[in-house]
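These are my notebook entries on one structure. I set down what I looked up, entry by entry.

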Amino acid sequence: MLKLRSGLLLAAMSLSLAGCDSYPDISDSERNQPDPSEASNDTFFGADDITEERPVLATLSSDNTIDHYKFTIFQDYNGPLTVTLSGITGDADIELYDFNLNLVSWSRTADTSEELIELWHDAAYNSDSYDNGQYFIRVYTRDAGLISDYTLEWDFDQGNAE
Amino acid sequence: MKIQSLSLASVLSSSIVLTSAMAYSSAASAYEDHRNMKFTSYTFKHSTWTEDQYVGDLKEVVNFADAVAHAVEFRTPENAKFKLNVGAAVRSDANGDTELESLLGAVEAGGVFIRMETSSAPGYIAPEEGSKFRNKYVAGERGFTAKYLQVNIGKSLDHWPAARWGLGYIHVQQPGTLNMYTTSSDGGYSGLPNYPDAIIDPEYQHDLLGIWLDVDNLQAAMHDSDGFMLAMNRKGGFRYGWGLTMDMIFGALKSHSSQDLDKIVKDNYGLDLEYNDPFGIGWSITYRLEFITAYRMPSSNFGLSFGLEGRAFQGFYSEDFFGTSLSVDDGSEAALQLGPGDNMVFQYGPFVRLAWEM
């Protein structure tokens, strides 16, 4: 079956017209890297930095139903990572994303209960392709009419590091 | 009487000669006319939806629960003014879950045949290693529903009742890989999300519209009708031999994403997207390579076949032939392009089919 697939693909390639580039043209830029536009923290790209030492105090409202934050674990250690959303005055939830923006974990408790994410940070994935020790947090509410204060903090327990 | 299966041409010509002779002898025999008989079949097979059908990046991340399927089909007599053909398959997976995998319905009235087949299965996208994806972003939910819908409108061939032709439409929903291009794709840089090599859409969509032809060899062999690449031996009431049952559609193919790709690329990476829904030519070949045994009785016919069945749904997009108009002109842009070859359907698996006409 694999031979059949390969054969069909080779046939397709042989049919391609010579001189036609089927891949997008990439122009060189001075910095040779993407040069994105500015964005608010409503997007992953505009995520605000959050440190382990200084929690974030912010508010969700009808004009701002979603916030993004980012932090990095620089040490090459494994250990438990916790993200906490407390002081909630409305129903807000949190989600944790990895370096590639894929959802890693979440807490979606109803009402004003505290939201807690606990997971094991594995330094084996600290590379540019997997993780790089970087995480993104999404704080959001599904109720557009809600106003909710919140306190967001994260902790990496190096005491249990290996 | 024995026919050697040497080539498509020889088998086709031989089967025509054989079945012409059989039709003549059948007319003079004591066999009841099969066109007055109802046809029923039961098929036990491996589920059509498996991760084995994927290649490239998708093969590493797409998952379905291993499953078997039980399919039942019923056809009213060919002589009926209103002909009905219904079928269903139930899938039992390794997790102990049982659910409907496919439905088949067809009617024929006034010489026009309308057939619809649906199939679906739940699947999920999982990291290729550990808990992290490597340079891939999965857009939307990782759990997905793979779907296949085929609609045929046409008629039987006058001198080949086991064959039908007409117009065919196929809609497929399944994971697709979109390769991502930026001015530099060598990972991200400090403080920003990674620029992945590929964005995976778990429910990418394909639509194919074209000419359709299908042939059912088992039913043909059971009453000595013509088949497609059907080489049968006869010994008294027994029939046995190899056959290749086919269902083919060839036509125009268009594909599109189920996701808001512009918003994803802007919100995640701060870049403006260059992307065009791809279109081109495509085809679907559903095949059943089977060893057929059949037994004819005066007022009933029985058949048993086993072999390999599957489906190849492929296409070539205009970009493969004429090049793409996509470009990344500066650092503020990104381009997404469907990865050809990795995004088609290749289903295959063993089956056993039991059928009877009476």
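**Entry 1. Terms and conventions.** I take two strands as paired if DSSP finds at least two bridges between them. Helices (H or I, at least four residues) and strands (E, at least two) are DSSP runs, numbered from the N terminus. I note that this is a predicted model, in which local features need pLDDT of at least 70 and side-chain atom pairs count only at pLDDT 80 or more, while totals for chains, interfaces and linings use all residues. Residues are numbered from 1 along each chain as its sequence is written, and chains are lettered from A and ligands numbered from 1 in the order in which they are written.

**Entry 2. Chain A, overview.** I counted one helix and ten strands in chain A. I then looked up burial, where a residue is buried if 20 or more other C-beta atoms lie within 10 Å of its own, exposed if 12 or fewer, and partly exposed in between, with C-beta atoms placed from the backbone. Chain A has 162 residues, of which 27% are buried. For contacts I use C-beta atoms, placed from the backbone, that lie within 7 Å. In chain A, 69% of the contacts with a separation of 6 or more are between residues 24 or more positions apart.

**Entry 3. Sheets of chain A.** I found an open sheet of four strands with antiparallel pairing, in the order β3-β10-β5-β8 (chain A). Its edge strands, each pairing on one side only, are β3 (56-60) and β8 (115-121) of chain A. On average, neighbouring strands of this sheet are turned by 20° against each other, direction ignored; the axes behind this angle are lines fitted to C-alpha atoms, for helices over the stretch in contact, and angles run from 0 to 180 degrees between N-to-C directions. Within the sheet, β5 (residues 79-86) of chain A pairs with β8(A) in the antiparallel sense over seven bridges. A:P80 has A:W120 in β8(A) as its bridge partner.

An open sheet of five strands has mixed pairing and the order β2-β4-β9-β6-β7 (chain A). Here β2 (48-49) and β7 (103-107) of chain A are the edge strands, each pairing on one side only. Strands β6 (residues 93-97) and β9 (residues 134-140) of chain A run antiparallel and are joined by five bridges. A:Y97 stands opposite A:F136 in β9(A).

**Entry 4. Chain B, overview.** Chain B holds five helices and 18 strands. I noted 358 residues in chain B, 44% of them buried. Residues 24 or more positions apart make up 70% of the chain B contacts with a separation of 6 or more.

**Entry 5. Strand β17 of chain B.** Is this strand enclosed or open? Six of the six residues of β17(B) are buried, so the strand is largely enclosed by the rest of the structure. On one side I list B:E333, B:A335 and B:Q337, and on the other B:A334, B:L336 and B:L338. Strand β13 (residues 272-274) of chain B runs parallel to β17(B), joined by three bridges, and B:L273 stands opposite B:A334.

**Entry 6. Nonpolar cores.** A nonpolar core is a set of buried Ala, Val, Leu, Ile, Met, Phe, Trp, Tyr and Cys residues joined through C-beta atoms within 7 Å. Which residues touch the most other members of the largest core? Among its 50 residues they are A:I137, A:V139, B:M180, B:I199 and B:A334. Beyond four places in sequence, B:A334 touches residues including B:M180, B:V265, B:L271 and B:V328. Another core, of 15 residues, lies apart from it and includes B:L218 and B:I292.

**Entry 7. Where the chains meet.** The contact takes 46 residues from chain B and 40 residues from chain A. On the chain B side, α5(B) gives the largest share, four residues. By class I recorded 20 nonpolar, 17 polar and nine charged residues on that side, where Ala, Val, Leu, Ile, Met, Phe, Trp, Tyr, Cys and Pro count as nonpolar, Asp, Glu, Lys and Arg as charged, and the others, Gly among them, as polar. Strand β1 (residues 25-26) of chain A pairs with β16(B) in the parallel sense over two bridges, and A:D25 has B:S327 as its bridge partner.

**Entry 8. B:G87.** This residue lies in strand β4 (residues 82-93) of chain B. B:G87 counts as partly exposed because it has 18 C-beta neighbours inside 10 Å.

How values were computed: Two residues are in contact if their C-beta atoms, placed from the backbone, lie within 7 Å.
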